[in-house]
Amino acid sequence: MNILIIGRGVISTQYAWTFKKNGNNIDFYIRPESKDRYTPMLNLQLEDRRRKRQPKKINVSWETKLIYEIPQNHNYDLILVSVNIEQISSVVKTLNNKVNNATVLFFNNFWEDPTKQTEILPQSHLIFGFPGAGGGTVGVNTINGGFSSFIMIGDIGTASKERVQQVYTLFEQANFSVKRQANFKKFLLNHFLLNVAIEIEVLKEGSFLRLMDSIHSLGNISINLRQLKPIMKERGMSYDAINTLLSMISPKILGIIMSKFIFKSGSTARSLMEGNNTISGRSAKLILDEARRKNIYVNILEDVSNLLPS
């Protein structure tokens, strides 16, 4: 397959490398204004957990192919988008009238309705999914991350069965398990608020590593989810089973469970978060702004408001 990756982000690049190893052609689109920041040579320091019992350390250099303009008459089979939520609108504008016959996989979180955010693109070409990867960057030319054995494909969108199968086949041939995620919009909202509940504690601790080593801060995730619940309710949605359980467990017990089991040394969850060196507060700021607009007071967000981007 001919695959175009939008940007050279942490998540998309890891999957692109597995696709390349499996014989696919990979191009990375870099915005012209960022041309001087990136070099073709990319260093990957990854933990491959496609085999759960035998995680594999990967330390390689990869000479990537960078392009700075998407050709009007390209023949890409797939365009993969995995970006931060504040970049989605810009990416959609970039792709407008340039999708051609490609399938476009949006492979990231959303807070707003994904189909509405992408409505100017041909909806019959769009597929929405969610990765099982994490990590961070060292500069812009080194990625320190890891990926698990599965990815999710959502149940929204109007893409044909052939396009959906095309994406399934791509990941399955790269030895990933593909899970069909029912009620994908609800999943995305729940995952986003869980991320915010975690991000609040990262902001207070100063890093993901310090959070994972703090039983007290891990326990606070339960309190944070309780206070964020009115945001979900205002959206006309309820917490899923995971967020409901996490919000009901006492902070002390949750902290112990997460410390001793979820984020224990060598766990998949810990390996995916260890390289994450981003402390931006963008997601928390988005929710705080929405809460204020709708006159919903969320104490834990107000408490960290001075740590959020302006």
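Just after helix α11, N295 takes a positive phi of about 55°. Helices and strands here are DSSP runs (H or I over at least four residues for helices, E over at least two for strands), numbered from the N terminus. What you're looking at is a predicted model, where local features need pLDDT of at least 70, side-chain atom pairs count only at pLDDT 80 or more, and totals for chains, interfaces and linings use all residues. Residues are numbered from 1 along each chain as its sequence is written, and side-chain values use heavy atoms, with hydrogens and water left out.

**Helix α11**

- α11 has twelve residues and spans 17 Å from first C-alpha to last, close to the expected 16 Å (that is 1.5 Å times one less than the number of residues).
- Its buried residues are S283, A284, I287, L288, E290 and A291; buried means under 20% relative accessible area, exposed over 50%, and partly exposed in between, with a 1.4 Å probe and protein chains only.
- Looking down the axis of α11, those buried residues fall within an arc of 165°, so they line one face of the helix (the arc is taken over the directions from the helix axis to the C-beta atoms).
- As background, an α-helix has 3.6 residues a turn, so residues three or four places apart point the same way.
- The cover over the buried residues of α11 includes α5 (184-205), α7 and α12, with contact meaning heavy atoms within 4.5 Å.

- A salt bridge here is a side-chain nitrogen of Lys or Arg within 4 Å of a carboxyl oxygen of Asp or Glu, and the count comes to 16.
- E290 and R235 pair up at 3.1 Å, N to O.
- E290 sits in α11 (residues 282-293) and R235 in the loop between α7 (215-234) and α8 (241-248), so this pair ties together parts 55 residues apart in sequence.
- E290 is buried at 4% relative accessible area, while R235 is partly exposed at 24%.
- Both belong to a salt-bridge network that links E112, E234, R235, E290 and K294.
- E302 bridges to R292, with the closest N and O atoms 2.7 Å apart.
- R292 itself is partly exposed, at 44% relative accessibility.

**A bridge from strand β2**

- D27 and K65 form a salt bridge, their closest N and O atoms 3.8 Å apart.
- D27 lies in β2 (residues 25-29) and K65 in the loop between β4 (56-63) and β5 (66-67), so the pair joins parts 38 residues apart in sequence.
- D27 is buried at 4% relative accessibility, whereas K65 is partly exposed at 46%.
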